[in-house]
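Dear colleague,

I am handing over the structure below, and after it you will find my notes on what was found. Please read the notes with the coordinates open beside you.

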Amino acid sequence: MTPPLIAVLNGPNLNLLGLREPERYGTATLDDVEALCAEVAEELGLAIDFRQTNGEGELVTWVQECRGRAAGIVINPAGYTTTSVALLDALLAVELPVIEVHITNIHRREEFRQHSYVSRAATGVIAGLGIEGYALALRAMARLVAEEAAE
Ligand code: CA2
């Protein structure tokens with residue numbers, strides 16, 4: 001049986017992880033995050049499609065492309081979290097389980113970071129646990145996907 005595919009999508013500036021502001025975002029690079037996700041996915045019997053883009057339209061297109069292809073979406077929308085109705089609409093339309101991940105605890109940060117459009121489409125939200133949040137999201141997603149398959 002082919003393993004269920006989980007799209008792990010990353011928004012703008014996350015390509016800078018580990019290269020700038022390590023005191024805020026940690027020292028792991030986006031390649032390290034991908035390696036962590038690949039390791040956890042293998043353990044869980046999932047396949048992943050790990051991507052990053054700085055473009056809002058590209059992120060929306062990738063979400064649309066998940067329809068009929070992926071079993072779930074783990075997304076760190078970064079700066080588009082608080083601005084993008086287009087991303088929210090795409091996540092609602094795709095009708096897949098969505099887990100929103102933030103490396104930092106957005107609720108301890110500036111007020112403008114605390115209202116997430118994306119959360120309205122999310123089954124769950126993980127914030128403030130560093131890159132471990134991606135691993136936790138994949139574990140939760142494995143359960144959600146197994147539950148859906150059993151329905
Ligand atoms: O905590 C998170 O994961 C965020 O989604 C990160 C976003 C921020 O806009 C959100 O409020 C919270 C920023 C991503 C930019 O990442 C950088 C990483 C290293 C250096 C500079 C930016």
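The largest pocket holds about 500 Å³ of space, where a pocket is, on a 1 Å grid over the protein atoms alone, an open set of points where a 1.4 Å probe fits, with protein on both sides within 12 Å along at least five of seven lines. Grid points are joined across faces, edges and corners, and the volume is the space filled by probe spheres set on the points. The pocket is lined by 22 residues, of which Y25, A78, G79, R109 and R113 lie nearest its centre; a lining residue has an atom within 4 Å of a point. The lining divides into nine nonpolar, seven polar and six charged residues, with Ala, Val, Leu, Ile, Met, Phe, Trp, Tyr, Cys and Pro counted as nonpolar, Asp, Glu, Lys and Arg as charged, and the others, Gly among them, as polar.

As to provenance, this is a predicted model, in which local features need pLDDT of at least 70 and side-chain atom pairs count only at pLDDT 80 or more, while totals for chains, interfaces and linings use all residues. Residues are numbered from 1 along each chain as its sequence is written, and side-chain values use heavy atoms, with hydrogens and water left out.

Helices (H or I, at least four residues) and strands (E, at least two) are DSSP runs, numbered from the N terminus. Helix α5 covers residues 132-150, and its 19 residues should span 27 Å at 1.5 Å a residue, which agrees with the 28 Å between its end C-alpha atoms; the expected span is 1.5 Å times one less than the number of residues. The buried residues of α5 are G133, Y134, A135, A137, L138, M141, A142, L144 and V145, where buried means under 20% relative accessible area, exposed over 50%, and partly exposed in between (1.4 Å probe, protein chains only). They pack against β1 (5-10), α2 (30-44), β2 (47-52), β3 (72-76), β4 (98-102) and β5 (124-127). A140, also in α5, is partly exposed, with a relative accessible area of 25%.

What does V74 touch, leaving aside its neighbours within four places in sequence? This residue of strand β3 is in contact with I6, A7, V8, L9, I99, V101, A137, L138 and M141, contact meaning heavy atoms within 4.5 Å.

In helix α3 (residues 56-65), the buried residues are L59, V60, W62 and V63. Seen down the axis of α3, these fall within an arc of 160°, so they line one face of the helix; the arc is that of the directions from the helix axis to the C-beta atoms. They pack against β1, β2, β3 and α4 (85-94). A86 in α4 is in contact with E56 and V60, its neighbours within four places in sequence left aside, and A86 counts as partly exposed at 38% relative accessibility.

Finally, two backbone angles deserve a look. Most residues other than glycine have a negative phi. E21, in the loop between β1 and α1 (22-25), has a positive phi near 45°, and E95, in the loop between α4 and β4, has a positive phi near 55°. E21 is partly exposed at 38% relative accessibility, whereas E95 is exposed, with a relative accessible area of 63%.

Best regards
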